[in-house]
Amino acid sequence: MIEQAANLDAADPLAKWRGEFLLDDAIAYLDGNSLGALPKATPDRIAEVVRREWGEDLISSWNTAGWINLPQRLGAKIAPLVGAKSDEVIAADSVSVNLFKLISAALKLQSQNGQRRKVVLSEPGNFPTDLYMIEGLESQGLAEQRLADRGDIESALGDDVALLMLTHVHYKSGEMFDMARLTKAAHDAGALVLWDLSHSAGAVPVDLNGAGADFAVGCGYKYLNGGPGAPAFAYVAQRHQSGIEQPLSGWMGHAKPFDFTDEYAPAPGVDRLLCGTPPILSMSAMEVGVDLMASIGIAPLVEKSSGLSEFTRAAMAEHIPELECISPADPAVRGSQLSFRHENAYELCQALIARKVIGDFRAPDVLRVGFAPAYVRYADCARLVSELRDMLDSGEWRKAEYAERGAVT
Ligand SMILES: Cc1ncc(COP(=O)(O)O)c(C=O)c1O
Ligand SMILES: Nc1c(O)cccc1C(=O)C[C@H](N)C(=O)O
């Protein structure tokens with residue numbers, strides 16, 4: 001296994017890109033699906049934005065450094081990674097806030113079309129914030145939440161469903177929905193569709209336009225390497241852009257923010273999703289990460305991601321059969337991650353971290369590892385397997401210190 005990993009790394013066309021990240025060689029970083037690694041160019045770029053653009057050029061940088069267009073510029077760079085047109089994506093706020101805006105917009109669009117539908121359909125066990133945002137709108141009397149298990153989603157698409165809202169790659173299991181099939185099923189039932197691409201963008205094939213998707217959101221701090229708390233992105237299909245209304249009608253989403261008028265008039269296009277002033281430092285950091293992913297190109301990223309996860313799945317099955325893999329065996333329906341169930345998953349995860357193999361734990365019993373294709377090596381995956389085997393055999397994970405809870409992971 002170790003030798004096979006070395007051969008795969010030697011033949012890997014993406015191997016050189018790891019050097020673009022500030023990653024200690026001794027670390028096997030398998031958590032880029034939660035927080036992406038730091039691109040080497042980011043600290044200098046941030047220093048330049050702070051020292052020169054802010055420090056020297058001050059307020060003129062809104063124009064001279066292009067700060068005012070940064071949300072659109074970033075959106076246009078993210079668009080090819082998710083199969084969208086450059087004017088369909090914008091960087092803004094967090095995933096949670098963008099979900100709120102787009103669920104509301106979808107419900108409003110349905111009512112403008114004379115529909116009384118209020119149901120937002122999702123699945124139980126979706127990432128919590130996605131469900132919490134529906135609940136929040138429900139408590140305002142604006143939405144009605146309905147949850148259906150994966151296999152029942154199509155039959156739950158009744159004539160009261162306004163919006164189907166799903167996470168494309170499940171954060172815990174790594175299962176990937178068939179976007180095109182479910183989007184079509186929703187449309188056939190008169191519903192709109194909103195996809196959460198947090199665990200997809202930059203790692204798996206996404207074709208929003210090809211699938212006919214209406215809306216999408218995604219995360220900037222995972223595979224896009226934008227840094228902790230990086231802004232999220234939002235997508236609105238061109239055909240909906242002039243018709244949607246979103247409730248966070250802040251001045252940056254106004255057609256003419258610098259006219260300072262009393263009445264709100266939405267900007268044309270996806271710009272109307274903006275609310276307040278964009279966080280320029282965070283967006284500048286994110287631009288470095290997105291540029292890096294764009295330079296590598298989505299096709300090689302996807303290919304490497306599936307190579308890494310398949311190598312790891314096979315090696316785990318062979319060497320660690322006692323950990324049950326809950327991610328799909330078929331790479332075509334799996335995201336860039338693998339999850340394993342074990343009653344002591346928490347302790348195993350902590351013990352691995354002590355050995356500089358970084359994955360994460362998801363309650364109640366899941367050890368999760370992610371494969372950020374831009375910098376993960378096959379050797380990192382082989383190390384995960386050999387360290388796990390070693391600590392399971394030695395019982396090292398039973399040390400009391402690994403059972404202490406409380407850390408954010
Ligand atoms: C699927 C999914 N949606 C939403 C979020 C939350 O995004 P944010 O913290 O930007 O609101 C996450 C992770 O944090 C996630 O994994
Ligand atoms: N955003 C996070 C954070 O601030 C702390 C710890 C984890 C996160 C995450 O992003 C979790 C991630 N969405 C997940 O899939 O579990």
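The legends below describe close-up views of a predicted model.

View 1. The chain is divided into domain 1, which takes in residues 2–30 together with 297–403, and domain 2, which covers residues 44–296. Taken over C-alpha atoms, the centres of domain 1 and domain 2 are separated by 30 Å. Where the domains touch, 25 residues of domain 1 are in contact with 18 residues of domain 2. On the side of domain 1 that touches domain 2, at least two residues each are supplied by helix H11, strand S10 (337–341) and strand S13 (366–370), and H11 gives the most, with five residues. By class, this side of domain 1 has 14 nonpolar, seven polar and four charged residues.

**View 2. The packing of helix H11 against helix H13.** Helix H11 (residues 298–319) and helix H13 (residues 378–394) pack with their axes 9 Å apart and at an angle of about 20°; H11 and H13 are therefore roughly parallel to each other. The crossing in which H11 passes H13 is right-handed. On the H11 side the contact is made by Leu308, Phe311, Thr312, Ala315, Met316 and His319, and on the H13 side by Tyr378, Cys381, Ala382, Leu384, Val385 and Arg389. The residues of this contact between H11 and H13 divide into nine nonpolar, two polar and one charged.

**View 3. The packing of helix H1 against helix H13.** The axes of helix H1 (residues 2–10) and H13 come within 8 Å and cross at roughly 165°, which makes H1 roughly antiparallel to H13. H1 passes H13 in a crossing that is right-handed. From H1 the contact draws on Ile2, Ala5, Ala6, Leu8 and Asp9, while H13 contributes Tyr378, Ala379, Cys381, Ala382 and Ser386. By class, the contact of H1 with H13 has eight nonpolar residues, one polar and one charged. Tyr378, Cys381 and Ala382 of H13 are listed both in this contact with H1 and in the contact of H13 with H11.

**View 4. The residue shell around ligand 1.** Around ligand 1 there are 13 residues, of which Ser94, Val95, Ser96, Phe127 and Ser198 come nearest. The elements that give two or more residues to this shell are helix H5 (95–112) and helix H6 (128–139). Divided by class, the residues of the shell around ligand 1 comprise five nonpolar, six polar and two charged.

Key:
Residues are numbered from 1 along each chain as its sequence is written. Chains are lettered from A and ligands numbered from 1 in the order in which they are written. This is a predicted model: local features need pLDDT of at least 70, side-chain atom pairs count only at pLDDT 80 or more; totals for chains, interfaces and linings use all residues. A residue is near a molecule or strand if its C-beta atom, placed from the backbone, lies within 6 Å of it. Helices (H or I, at least four residues) and strands (E, at least two) are DSSP runs, numbered from the N terminus. Ala, Val, Leu, Ile, Met, Phe, Trp, Tyr, Cys and Pro count as nonpolar, Asp, Glu, Lys and Arg as charged, and the others, Gly among them, as polar. Axes are lines fitted to C-alpha atoms, for helices over the stretch in contact, and angles run from 0 to 180 degrees between N-to-C directions. Angles under 35 degrees count as roughly parallel, over 145 as roughly antiparallel, 65 to 115 as roughly perpendicular and the rest as oblique. A crossing is left-handed if the near helix is turned anticlockwise from the far one by less than a right angle, and right-handed if clockwise. Two residues are in contact if their C-beta atoms, placed from the backbone, lie within 7 Å. Domain bounds come from an automatic or database domain assignment.
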